[in-house]
Amino acid sequence: MRWYKTPLAAGVWTVLRIWLGLQWIEAGLHKITGGFDATGFLKGALANATGDHPAVQGWYAEFLQQFAMPNVHIFNVLIPWGELLVGIGLVVGLATIPALVAGAFMNLNFLLAGTTSTNPILYTAAMILLFAGAGAYYFGLDRIAVPYFKGYFKKGHGKTAGITR
């Protein structure tokens, strides 16, 4: 067994995972209860896409202008609820790997939009926990859920009609 998947290391990963989850819960609740609107954030990011050394690259500014701004109402729901769900998943250790991937994806997008803040720290913590793999949820609900679902699908449950293996 690799050192980073031992029960002792899993204790460290659990503390890091719960801390990361609490950061996401706090951010999500703040946005949900505070009437979040991403329009100002997106306009600020677009303003940072100009000049000699833009904080936002042109290709990402194009994505923001052409996709995010016209669909800001979708982002106004996805961002706060996504943050809250990522946080809950990390705190209880359920769907840990998908929660880490989703959180890292949000951090990456916030960074690409020119917002540094705590994003590099949260992104790095997610990457470390992804590296730890199963050690990241050794003390979490995934320790029970993952083997259950692996067994469930191994027995042939969940097959889609007409698809054979």
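**Ground rules.** I call two residues in contact when they have heavy atoms within 4.5 Å. This is a predicted model, so I kept local features to pLDDT of at least 70 and side-chain atom pairs to pLDDT 80 or more, while totals for chains, interfaces and linings use all residues. Residues are numbered from 1 along each chain as its sequence is written, and side-chain values use heavy atoms, with hydrogens and water left out.

**Fold.** I looked up the secondary structure and found seven helices and zero strands in the protein chain, giving the pattern α-α-α-α-α-α-α along the sequence. Helices here are DSSP runs (H or I, at least four residues), strands are E runs of at least two, and both are numbered from the N terminus. The C-alpha trace spans about 55 × 45 × 35 Å along its principal axes. Among contacts with a separation of 6 or more, 73% join residues 24 or more positions apart.

Of the 165 residues, 35% are buried; my cut-offs are under 20% relative accessible area for buried, over 50% for exposed and partly exposed in between, with a 1.4 Å probe and protein chains only. The chain exposes about 10000 Å², and carbon and sulfur atoms supply 68% of that area. These areas come from the Shrake-Rupley method with a 1.4 Å probe, and for residues only the protein chains shown count as cover. I also found 11 positive and 6 negative side chains, with the centres of the two sets 25 Å apart. Lys and Arg count as positive and Asp and Glu as negative, leaving out His and the chain ends; each charge is placed at NZ of Lys, CZ of Arg, CG of Asp or CD of Glu.

**Val56.** Is Val56 buried or exposed? Val56 is buried, because its relative accessibility is 0%. Val56 sits in the loop between α2 (39-47) and α3 (58-68). Beyond its neighbours within four places in sequence, Val56 is in contact with Ala45, Asn48, Ala49, Ala61, Leu112, Ala113 and Gly114.

Most residues other than glycine have a negative phi, so I went looking for exceptions. Ala95 has a positive phi of about 55° and lies in the loop between α4 (72-92) and α5 (96-112). Ala95 counts as partly exposed because its relative accessibility is 38%. Ser117 has a positive phi of about 45° and belongs to the loop between α5 and α6 (119-132). At 58% relative accessibility, Ser117 counts as exposed.
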